[in-house]
Amino acid sequence: MNDMSSSFPASETSAPLLDVDDLTVDIAARDGKGIVHAVSGVSFELKRGCTLGIVGESGCGKSTTAMAIMQLLPGSAQIKSGTISFDGNDIVGKSQTEMRALRGKRIGMIMQDPMVALDPVFTVGDQLAEPLKLHMGLKGQALLERQVALLEAVGIPSPETRLKQYPHQMSGGMLQRIVGAIAISCNPELLIADEPTTALDPTAQAQFLDLLADIRDTRGLALIIVTHDFGVTARLCDDIMVMYAGRIVERGPVETIFKAPRHPYTRALLDAIPKPENDRSKGLATIEGQPPNLAESISGCSFAPRCRFAMPRCTSERPPVTKLPGDHQTACWLEVV
Amino acid sequence: MNRKILEVRDLRKYFPLPANPLRRGERPVVRAVDGVSFAIPEGETLGLIGESGCGKSTTVKLLLRLESPTDGQILFDGKEVQNSHGKDLRTYRSQVQAVFQDPYSSLSPKRTVFQAIAEPLHAAKRFSREEIIRRVNELLDIVGLPSTAQSRLPHEFSGGQRQRIAIARGLALQPRLLILDEPVSALDVSIRAQILNLLQDLQKQFGLSYLLISHDLDIVTHMCQSAAVMYLGKIVEIGPMDVIRSSPQHPYTRALFSSVLPTNLEQEIQRIRLHGSVPSPINPPSGCSFHTRCPSAQPICSQQLPPRITTAHGSTAVCHLLTADERTLEAVP
Amino acid sequence: MFNYFLRRLVRASITLIGISIIIFVAIRMSGDPVMSLAPEDATEADIAEIRAELGLDKPVWVQYVIYAKNAVQGDFGRSIRYQQPALDMVAARLPATIHVGLSAFILATLIGVFLGVTTARYRGSGADYSIRMGAILCQSAPGFWLGMILILIFSVNLHWLPASGRGSAAHMVLPVVTLGLAAVASTMRLTRSSMLETLGSEYVRFLRSKGLSEDMIVWKHALRNSFIPVLAVMGLQLGNLMAGAIIVETVFNWPGVGKLMVEALQARDFPIIQAGAFLLSIMMVSINLLVDLLFGIVDPRIRYE
């Protein structure tokens, strides 16, 4: 086992664990014509032990951003520019071999649909053992003990029996927990969860989020949760980053985003959620229109066509990022005096 | 009090499993729907809430007569329809239509929007060509799509627009009841609001009744006047939406609502944790089928089927731990 | 797992019964066997006598019962040409057929699967294209032509390998290569397309997120998942290679069952035809049963069904 971690020396804890700067990802369009600008100019930081929620609707670039961090983009995608720095080392230029030293060992991932995340022809135990053998060199009794401990940590009863079972013998909720166990098996510093609860039933969702919070608190993990559901972020996140059409439109601490969102898109998104205190006879607040086509380059603010506060400037010039008090920022002409 | 457009009484659907030649005894059955009763008042929406495997999809199939019930009755506007065929069945089907979850697979990719919406009108065989064209244009207008949409194919539209097409198709024969099976789960949040508003407008405009199936409790709370909660093929609680939301009586209902994620940060929700996972519908637990996971389970729960208790609030729950004078459960830690 | 095997066994037996009926009917339909057996100057009485002796005067279903009863005991009658028990004659040639068919199969599978996995993994590369071109050429070349070309090059011109007959290992090379080449191509193409589909699955992405090497993902995980459709075709292929070795056996004068069958067909030697058809059918059915068993081992979802 070649220990490549020496090329990624750990640095002091005050520097951010993850530093993404001006990331741009292009994806070749499926019909071969044109390029989709899936992610444009995304910059953010994540400190150790913090939880960031990346929120947006389908096509906004949130999953692409997350996959770029792990360099698991599909073959048709390319990081056109920008840097991604993990623990002080740039990973955009790294080879696949170098990335494999990070994946599973220092960065773990949880995917959306647990029913297809695991290989159906191997036992759960076998798949849990793989990263343990690879990154930590565990064998025999030590390996088994660690597997059992991991399954217990994610709340799976009778772990010894479960290790010998196959994925198709388990429910979605249980499989997602196993996926979680695999993701944290080698004590990573960063965990990326891509829509981790979307495919689960409500009670399983709640259980899984509790579990994530628990794992995060006991192990001091940094967590990135990609989701379209604000409720998930309320439960778990310190900061929220809202994306639209491949760009960040607003970022800030979770309380600020919920109580005092500044960007019109964030506000509209929060308004569109049905709440029990709503007057049922009135309709829900909606956002008219459709998200833009990312294959075309857009002048001005990408949300302008759907924004009820749009001004002429919004369609001609792209708004700059305005820093607001309390580590809060947004990209909107309304904020620029 | 509105009259009931749809009434279901003790509906059951059991699926027999292939018999094992080496083992004797009765063939095992999957009790997908195990004695379900509810009613939908005309012009209102009833929500059917439940998680995977609770039997809501099978119930939908039974109501659409895609499956025949093993037992029980389905009454539409007072008339029994669970056994009807021929002309009676066609009449029933023209009055009960459905909109499904996935807008990407519920429309045939090879047929234009016009063909998709016109299909039920063609099948009814009582409309002339001119009438069909006029009706399709009318329907597109009702759901908020431009008339030019009719010559295009589904893949040219977004998820939300396709769902509008599916709704237009569902309304083609002027049904009185629309079954909405997770109509917005596959759509983005901002589009969901558009579609839900559309559905509410249509209900007011045409006096439609809806059966809304969803696992998203916020949507159900917003759209429904009454709701029924299903677990392992049975209804465990049913009643007015406000009552179910504010004071759920059945432990499962309480657990479900406690799992709803807060939309504002002040909400402190006591999460009720359920242990274990859903048992198999082939061998449901004895007594109350929820007792294996219930945080308040008592010995009697595994021994006897629980009674139906109607509380003074107006909801009905099937649980041993309630009595008719509405003594509710202690707060669960 | 046992239940699964039992059900498959029952189905296999029913298949064999069906095959025996078809063989029986097919032979009866090819013309009156008595006429070809009787000498030119036979009288009516002679013909009737031969008919009775062969049991051909009895009703059809009685004939079938006798035939089936005999078949189960291994009695297919005597070869008309050689006057020896038909089954024994066929059985004597079986090892040679199995020899060449099985060898071709093993070769084709090993090379075909390896090439399929590699071309899928390095999809789009120059090697991928050239190997696939080669595969199409091999599949398109008719067996007898290929065999004769190989004989021309390697026996007649280079004198490296013998042109015909069975004996040393050298005798095996050309027949096996001729038979196997087309099989390599089809195995390779099937493996490749199955692998491409598997490599696009979600769980492969999750495996990559664990930091596993590409080799491990391809050879441990993807191959096993891709193998199921390949396995189904391989079962048929093995049967084809054995039963269809006829052309190769003829070109190379290889003493197998195929060659015997062709001669028997030309001479209307019914007992041999029946015995040969029956034996080859048993072989095919057994191979498919084995494949079914392997399915259960490779894919745990199937064994729990």
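Colleague: What share of the contacts in chain C with a separation of 6 or more comes from residues 24 or more positions apart?

Modeller: Residues are numbered from 1 along each chain as its sequence is written, while chains are lettered from A and ligands numbered from 1 in the order in which they are written. Two residues are in contact if their C-beta atoms, placed from the backbone, lie within 7 Å. For chain C, the share from residues 24 or more positions apart is 73%.

Colleague: How many helices and how many strands are there in chain C?

Modeller: Helices (H or I, at least four residues) and strands (E, at least two) are DSSP runs, numbered from the N terminus. From that end, the elements of chain C run α-α-α-α-α-α-α-α-α-α-α-α-α-α. Its C-alpha atoms fill a box of roughly 85 × 55 × 30 Å along the principal axes. The count is 14 helices and zero strands.

Colleague: What percentage of the 305 residues in chain C is buried?

Modeller: A residue is buried if 20 or more other C-beta atoms, placed from the backbone, lie within 10 Å of its own, exposed if 12 or fewer do, and partly exposed in between. By that count, the buried part of chain C is 31%.

Colleague: Which elements do the buried residues of α12(C) pack against?

Modeller: Helix α12 of chain C spans residues 257-267, and its buried residues are Val257(C), Gly258(C), Lys259(C), Leu260(C), Met261(C) and Ala264(C). Just after α12(C) comes Arg268(C), with a positive phi of about 55°. The buried residues of the helix pack against three elements of chain C: α5 (86-121), α11 (246-252) and α13 (270-298).

Colleague: Which element gives the largest share of the side of chain B that touches chain A?

Modeller: 31 residues of chain B are in contact with 35 residues of chain A. On the chain B side, two or more residues each come from α6 (189-206), α7 (217-223) and α9 (251-258). With seven residues, the largest share comes from α6(B).

Colleague: How many charged residues are on the side of chain B that touches chain A?

Modeller: Ala, Val, Leu, Ile, Met, Phe, Trp, Tyr, Cys and Pro count as nonpolar, Asp, Glu, Lys and Arg as charged, and the others, Gly among them, as polar. This side has 13 nonpolar and 13 polar residues, and its charged residues number five.

Colleague: Why is β8 of chain B largely enclosed by the rest of the structure?

Modeller: Ser209(B), Leu211(B) and Ile213(B) point one way from β8(B), and Tyr210(B) and Leu212(B) the other way. Both groups are buried. The strand (residues 209-213) is largely enclosed because its buried residues number five of the five.

Colleague: Which residue of β8(B) does Ile179(B) stand opposite?

Modeller: Strands pair if DSSP finds at least two bridges between them. β3 (residues 45-49) of chain B joins β8(B) in parallel through four bridges, with Thr45(B) opposite Tyr210(B). β7 (residues 177-181) of chain B also runs parallel to β8(B), over five bridges. There, Ile179(B) stands opposite Leu211(B).

Colleague: What is the hand of the β-α-β crossover from β7(B) to β8(B)?

Modeller: A crossover is right-handed if, with the strands pointing away from the viewer, the path from the first strand over the helix to the second runs clockwise. Here the chain passes from β7(B) through α6(B) to β8(B), and the crossover is right-handed.

Colleague: Over which residues of chain B is the pLDDT below 50?

Modeller: Chain B averages a pLDDT of 87, and 92% of its residues score at least 70. Where pLDDT is low, the predicted coordinates should not be read in detail. In chain B, the pLDDT is below 50 over residues 327-333.

Methods. Predicted model: local features only at pLDDT ≥ 70, side-chain atom pairs only at ≥ 80, totals over all residues. pLDDT = per-residue confidence, 0-100.
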